[in-house]
Amino acid sequence: MSTGTKPLTLEAFEEASELVKKVTLNTDLIYSDYWSAQNDAKVYLKPENLQRTGAYKIRGAYYKISTMSEADRKKGIITASAGNHAQGVAFAAKEYGVKAVIVMPTTTPLIKVNRTKALGAEVVLHGDVYDEACEYAYKLADEHGYIFIHPFDDLTVATGQGTIAMEIIKQLPLVDIILVPVGGGGLATGVSALVKLLKPACKVIGVEPEGAACLTASLKNDKVTTLPTVNTIADGTAVKTPGTKIFPYLKKNLDGVVTVPDEEIVTCFLDMVENHKMVVENSGLLSVAALRHIDCRGKKVACVLSGGNMDVITMSSVVQQGLILRNRIFTASVLLPDRPGELSRVAGVIASANGNVIKLEHNQFASINRTHAVELKITMETFGTDHMYQITKTLEENGYEVKIIPALI
């Protein structure tokens with residue numbers, strides 16, 4: 001049980017670091033040749049996607065429960081979460097033999113729901129976003145006497161999350177910048193608070209999805225601000241309101257906040273899989289997506305990959321969208337004469353340019369002009385943008401009228 005140290009102090013961070021070692025896996029920094037070359041910097045990845053329960057959230061949840069009295073633990077605990085905090089709380093509760101109830105948005109990926117149940121927690125699905133699930137969890141806490149553990153607006157939870165910074169600084173003492181995903185702000189609070197205690201010159205930058213930039217709005221208004229709606233593929237950071245208790249610490253300790261569009265998260269997923277052979281969920285990719293939005297040339301940068309819990313359907317969709325955004329899959333409309341052999345000839349031209357046809361749509365009634373009567377929509381696989389234009393140029397040089405059809409993503 002905790003000695004009752006004050007949250008967000010060096011003593012508390014040291015205590016939390018020792019406690020969480022009982023349940024966490026080592027997630028040593030990984031040097032990224034790919035992102036280092038892309039940004040003319042030394043970029044390191046903190047792979048919390050490989051953490052037990054698939055995310056960093058186990059740190060704050062375990063430390064929080066460790067500080068509770070035995071009497072409070074016997075009451076049972078409840079929380080609301082889009083998935084990762086849910087699994088962290090469920091795991092920690094199981095370690096202590098405590099009843100856990102988790103309220104999750106109905107939009108939570110199935111993999112996160114099932115894994116939370118597998119850890120012994122009772123799962124209640126309610127609301128479309130985290131905020132609605134949270135409101136319902138408070139209601140259940142009042143009705144049943146459960147102790148509510150907030151996923152981010154809790155200084156003790158934030159202290160547990162900040163143990164990530166302790167590990168980064170131990171491994172990379174000369175780190176210049178740490179990039180941290182932001183949903184409600186608990187991770188950013190813990191990391192930035194500890195960094196400013198241990199290494200004030202190191203910059204800590206929060207990263208939000210453009211469609212859920214509640215901290216950006218709050219900092220702009222100089223008060224906690226609730227967004228009317230959120231819309232992002234980064235479901236783990238789809239939060240309308242940052243934490244009220246932690247907001248003063250975010251204002252004080254963060255060196256900046258950047259926002260990233262969903263399209264850049266999608267392409268980062270491809271880059272991560274192809275270059276590091278790792279699956280990182282959309283929210284966890286915010287830190288590497290942010291690299292192109294900051295000046296980090298010549299710096300040592302640590303990117304926190306906050307989680308890796310991603311269902312297969314979402315993964316499939318993100319891969320497809322990423323290939324389209326990178327023009328590694330594209331569709332072109334080609335007009336050709338209505339005569340035997342033309343389809344074979346077009347296929348031969350594409351093959352000569354090393355294009356790979358994956359889908360054909362043949363419309364023989366596109367025009368009454370038999371010279372250009374047939375429209376052929378061809379979906380092809382390429383090596384990228386340059387190769388796409390090489391294929392279209394080759395088709396045009398062989399007398400075909402070609403039009404690239406914009407993808408609907």
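Predicted model: local features only at pLDDT ≥ 70, side-chain atom pairs only at ≥ 80, totals over all residues.

Isoleucine 102 touches Thr79, Ala86, Val89, Thr116, Ala121, Glu122, Val123 and Val124, when residues up to four places away in sequence are not counted and when contact is taken to mean heavy atoms within 4.5 Å. The residue belongs to strand E4, which covers residues 100-104; helices (H or I, at least four residues) and strands (E, at least two) are DSSP runs, numbered from the N terminus. With a relative accessible area of 0%, isoleucine 102 is buried, where buried means under 20% relative accessible area, exposed means over 50%, and partly exposed lies in between, for a 1.4 Å probe and with protein chains only.

Residues are numbered from 1 along each chain as its sequence is written, and side-chain values use heavy atoms, with hydrogens and water left out.

Seen as a whole, the chain has 17 helices and 14 strands, and its C-alpha atoms fill a box of roughly 85 × 50 × 40 Å, taken along the principal axes. Of the 409 residues in the chain, 57% are buried. Among contacts between residues at least 6 apart in sequence, 72% join residues at least 24 apart.

What lies in the interior can be described through the nonpolar cores. A nonpolar core is a set of buried Ala, Val, Leu, Ile, Met, Phe, Trp, Tyr and Cys residues joined through side-chain atoms within 4.5 Å. The largest nonpolar core has 53 residues, and those with the most contacts inside it are Ile78, Ile178, Val180, Val191 and Val195. Leaving aside neighbours within four places in sequence, isoleucine 78 is in contact with Val101, Val103, Ala137, Leu140, Ala141, Tyr146, Ile147, Phe148 and Ile149. A second, separate core of 31 residues includes Met272, Leu286, Ile294 and Cys303. In soluble globular proteins, nonpolar side chains tend to be buried together.

Isoleucine 205, in strand E8, counts as buried at 11% relative accessibility. Its contacts, apart from neighbours within four places in sequence, are Ile177, Ile178, Leu179, Val180, Leu254, Gly256, Val257, Val258 and Ile294.

Strand E8 (203-209) also takes part in the packing of helix H11, whose buried residues pack against strand E8, helix H12 (247-253) and strand E9 (256-260). Which residues of H11 (residues 214-221) are buried? They are Cys214, Leu215, Ala217 and Ser218. Seen down the axis of H11, these buried residues fall within an arc of 160 degrees, so they line one face of the helix; the arc is that of the directions from the helix axis to the C-beta atoms. H11 is followed by aspartate 222, whose phi is positive, near 60 degrees.

Asparagine 309, in the loop between strand E10 (300-305) and helix H15 (312-325), counts as buried at 3% relative accessibility. Not counting residues up to four places away in sequence, asparagine 309 touches Thr53, Gly54, Ala55, Asn84, Gln87, Lys112, Arg115 and Glu281. Although asparagine 309 and arginine 115 are 194 residues apart along the chain, their C-alpha atoms are separated by 9.6 Å.

Aspartate 40, by contrast, is exposed, with a relative accessible area of 54%, and is found in the loop between helix H2 (33-39) and strand E2 (42-47). Its phi is positive, about 50 degrees, although aspartate 40 is not a glycine. Asparagine 354, which lies in the loop between helix H16 (342-352) and strand E12 (356-363), has a positive phi of about 65 degrees although it is not a glycine, and at 52% relative accessibility asparagine 354 counts as exposed.
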